[in-house]
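The sequence and the structure are shown first, and the sections after them take up each topic in turn.

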Amino acid sequence: MTTRSDAVISSFSRVCGAKLIVFAGLALGWEAAAEETHQIRPVGEVETVHEGFAFTEGPAVTGDGTLYFTDIPNSTIHRVATNGTLSVFTDKSNHANGLWYLGEGQMLACEMDGAVVRYSLETGERTVLIDQHDGARFNACNDLVPDDAGGLYFTDPLFRAPTPLPQEVQAVYYLAADGNVSRVTGDIAAPNGIGLSPDGETLYVIPSQQSDMLAYDVAGPGKLQDGRVFCTLQQPEGKTGTGGDGMTLDIEGNLYITTNLGVEIVSPDGRQLGLVRFPQQPANVTFGGPEFKTLIVTARTGVYQVAMPIAGLR
């Protein structure tokens, strides 16, 4: 038997429930709007820097704004002056991939023929820093990042490597300031891009053969711990397990990861902040240009750039 008080309670519940639904909808709308405000988007149009290469990689910008990048199949490192003029820095790069400008006229390069080297940008002189571990050559050194202790981390996947793999595994290595080299991770599915957080306390590793991107706490130079997944990349329609390639960071610690879809922007805590698309699939990425706010991307046969709202990490 339904009493009058039951009916009143039922009516009250229906009204309040409806209001709660409306309120919840508004709240979700506000939340979505808040999320929208945290998106990072270009502030200009994508522009072509140069085209007509075999496969571009490894963009790096010097203090005066000169851009260097690699053309792997042609074993060439190109240079683009601030006025846009293109020239060849070397056509004997041993299939160099990732580059890193050290300052003071020096640049590091990962050679896929199995070495990490340093160039003098003034003379072109090449110095081998390391080319083997435990008596065997590296697989195919890919990308690198220096730390504040004078050492550097570099990835060593399988691309262009001899078979069977000389190192047997695909991993990250650390070259200390004293010249000693150590393997600092276990086997990874094609470790590719690599970067350090602005405070130097987190190392990011971008595998190419899995969708989960990795992060490690840096306990000291060449000492990693607490390896974990920090984000999972968006996947192209109909595909799963596709990974990343290169990466760079901005001054706020956000990551810019090149993927099958473009450049995916991810916060340090793994939130998706945006996706920048380019005419071709990007391989690697860096910052340059005025105020260091120009995103420069090497993408298959071309090099592209686009203005962004946040400066890159120098």
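## Strand β14 and its neighbours

In strand β15, V181 is the bridge partner of L175. The model is a predicted one, and in it β14 and β15 (residues 181–183) run antiparallel and are joined by three bridges. These two strands form a hairpin with five residues between them, and G179 in the turn has a positive phi of about 95 degrees.

Strand β14 also pairs with β13 (residues 152–156), again in the antiparallel sense, over five bridges, and here Y153 stands opposite Y174 of β14. Strand β14 itself, spanning residues 171–175, is mostly covered, with five of its five residues buried. A171, Y173 and L175 point one way from the strand, while V172 and Y174 point the other way, and all of them are buried.

A second hairpin is formed by β24 and β25, with five residues between the strands and with G289 in the turn at a positive phi of about 75 degrees. The two strands run antiparallel and are joined by five bridges, β25 covering residues 294–299, and the bridge partner of F287 in β25 is L295.

Within β25 lies T298, which counts as buried because its relative accessibility is 0%, against a limit of under 20%. Leaving aside residues up to four places away in sequence, T298 touches T56, E57, G58, P59, F69, P282, A283, N284 and V303.

The largest pocket holds about 800 Å³ of space. It is lined by 37 residues, of which W100, V145, P146, L313 and R314 are the closest to its centre. The elements that each give two or more residues to this lining are β2 (56–61), β6 (96–103), β12 (144–146), β16 (191–196), β18 (212–220), β20 (247–249) and β24 (284–288). Strand β24 gives the most, with four residues. By class, the lining of the largest pocket divides into 22 nonpolar, nine polar and six charged residues.

The second largest pocket contains about 320 Å³ of space, and among the 20 residues that line it F55, E57, F159, N192 and D245 lie nearest its centre. Its lining is made up of six nonpolar, 10 polar and four charged residues. E57, which is one of the residues nearest the centre of this second pocket, is also among the residues that T298 touches.

## Aromatic ring pairs

The model has nine aromatic pairs. In one of them, the rings of Y68 and F89 have their centres 5.6 Å apart and their planes at 90 degrees, so the pair counts as edge-to-face. This pair links distant parts of the chain, with Y68 in strand β3 (residues 67–71) and F89 in strand β5 (residues 86–90), 21 residues apart. Y68 is buried, at a relative accessible area of 4%, and F89 also counts as buried, at 13% relative accessibility.

Another edge-to-face pair is that of Y256 and F287, whose ring centres are 5.2 Å apart and whose planes stand at 90 degrees. Because Y256 lies in strand β21 (residues 255–258) and F287 in strand β24, the pair ties together parts that are 31 residues apart in sequence. Both Y256 and F287 are buried. Finally, ring pairs link Y68, F89 and Y119 into a cluster.

Notes: Residues are numbered from 1 along each chain as its sequence is written. This is a predicted model: local features need pLDDT of at least 70, side-chain atom pairs count only at pLDDT 80 or more; totals for chains, interfaces and linings use all residues. Side-chain values use heavy atoms; hydrogens and water are left out. On a 1 Å grid over the protein atoms alone, a cavity is a set of points where a 1.4 Å probe fits but cannot get out, and a pocket is an open set with protein on both sides within 12 Å along at least five of seven lines; lining residues have an atom within 4 Å of a point. Grid points are joined across faces, edges and corners, and a volume is the space filled by probe spheres set on the points. Ala, Val, Leu, Ile, Met, Phe, Trp, Tyr, Cys and Pro count as nonpolar, Asp, Glu, Lys and Arg as charged, and the others, Gly among them, as polar. Buried means under 20% relative accessible area, exposed over 50%, partly exposed in between (1.4 Å probe, protein chains only). Two strands pair if DSSP finds at least two bridges between them. Contact means heavy atoms within 4.5 Å. Rings of Phe, Tyr and Trp (its six-membered ring) pair if their centres lie within 6.5 Å; planes under 30 degrees apart count as stacked, over 60 as edge-to-face and the rest as tilted.
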